[in-house]
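Please have a look at it first.

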Amino acid sequence: MDRTQILLIGLPIFLFCSDIFNLFTLPPPPSKTTHHPSIHPIPQPQSRSHFQQPLEFPSQKQSGIGLIGVGITVNIDFCTSCSYKGTAVTVKNMLESVFPGITVIFANYPPPLPKRILSKVVPVAQFGIVAIIAAGEQIFPRLGMTPPAFYYSLRANRFRSIASTWLLGNFLQSFLQSSGAFEVYCNGDLIFSKLKENRFPGEIELKELVSRRLGNTRYGNGIEGVVWP
């Protein structure tokens with residue numbers, strides 16, 4: 001053996017022997033002495049009558065004077081499959097901080113009826129194509145049909161065909177289930193529509209829209225308040 005082989009074999013043996021030697025020659029660890037601190041009694045304060053009486057704080061009475069949003073209900077109908085929930089929660093927190101007492105309700109804005117019907121058909125077609133690619137040799141003879149020409153090309157690349165069908169079906173289903181809506185209603189009246197504006201409402205814009213509605217409601221109810229023009 002050359003020097004390199006001797007070094008590679010001898011070094012692990014040397015380290016192993018040194019570990020065994022240190023294991024039996026190291027002195028035992030010193031025993032830990034536990035010191036028990038002396039416990040001194042804590043002097044108790046003298047009992048006095050005015051110290052024992054609980055402190056009484058004035059109770060905070062909630063009144064509806066500062067709740068300027070009482071009686072106002074804002075409905076936010078948005079597309080749940082479009083990941084708009086975070087924006088809706090941000091708008092809700094903003095409205096509740098600016099107009100205390102306001103009620104904000106979330107709801108899903110569904111897509112049109114034709115898109116909803118197609119979204120139900122896509123999974124059926126998706127599973128049908130996957131079944132034909134996987135077991136077409138048994139399906140077509142039982143139906144008394146001759147396999148079409150495209151079946152053999154799909155059969156030749158079975159894994160790629162199944163993966164492409166699955167991904168394409170999921171994309172179509174997600175597209176058909178999305179409405180892209182973010183509609184804001186105040187007491188049943190539409191005050192902002194993303195479908196018409198093609199954008200989300202701004203914070204200042206939404207504050208002004210709800211403030212105008214709030215002022216008109218108070219004026220119509222005969223309650224003193226700010227009436228926006």
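Predicted model: local features only at pLDDT ≥ 70, side-chain atom pairs only at ≥ 80, totals over all residues.

The axes of helix H4, residues 113-143, and helix H6, residues 158-177, come within 9 Å and cross at roughly 175°, where axes are lines fitted to C-alpha atoms over the stretch in contact, and angles run from 0 to 180 degrees between N-to-C directions. H4 and H6 are therefore roughly antiparallel to each other, a term for angles over 145 degrees. Helices here are DSSP runs (H or I, at least four residues), strands likewise (E, at least two), numbered from the N terminus.

Residues are numbered from 1 along each chain as its sequence is written, and side-chain values use heavy atoms, leaving out hydrogens and water.

Now to the rings, which pair if their centres lie within 6.5 Å, and count as stacked under 30 degrees between planes, edge-to-face over 60 and tilted for the rest. Phe78 and Phe182 form a tilted pair, 6.4 Å centre to centre with 40° between the planes. Phe78 lies in strand S1 and Phe182 in strand S3, so this pair ties together parts 104 residues apart in sequence.

The ring centres of Phe182 and Phe200 are 5.3 Å apart with the planes at 70°, so that pair is edge-to-face. Phe182 is buried, at 0% relative accessible area, whereas Phe200, at 32%, counts as partly exposed; buried means under 20%, exposed over 50%, and partly exposed in between, using a 1.4 Å probe and protein chains only.

Notes. Parallel < 35°, antiparallel > 145°, perpendicular 65-115°, else oblique. Phe/Tyr/Trp six-rings, centres within 6.5 Å; stacked < 30°, edge-to-face > 60°.
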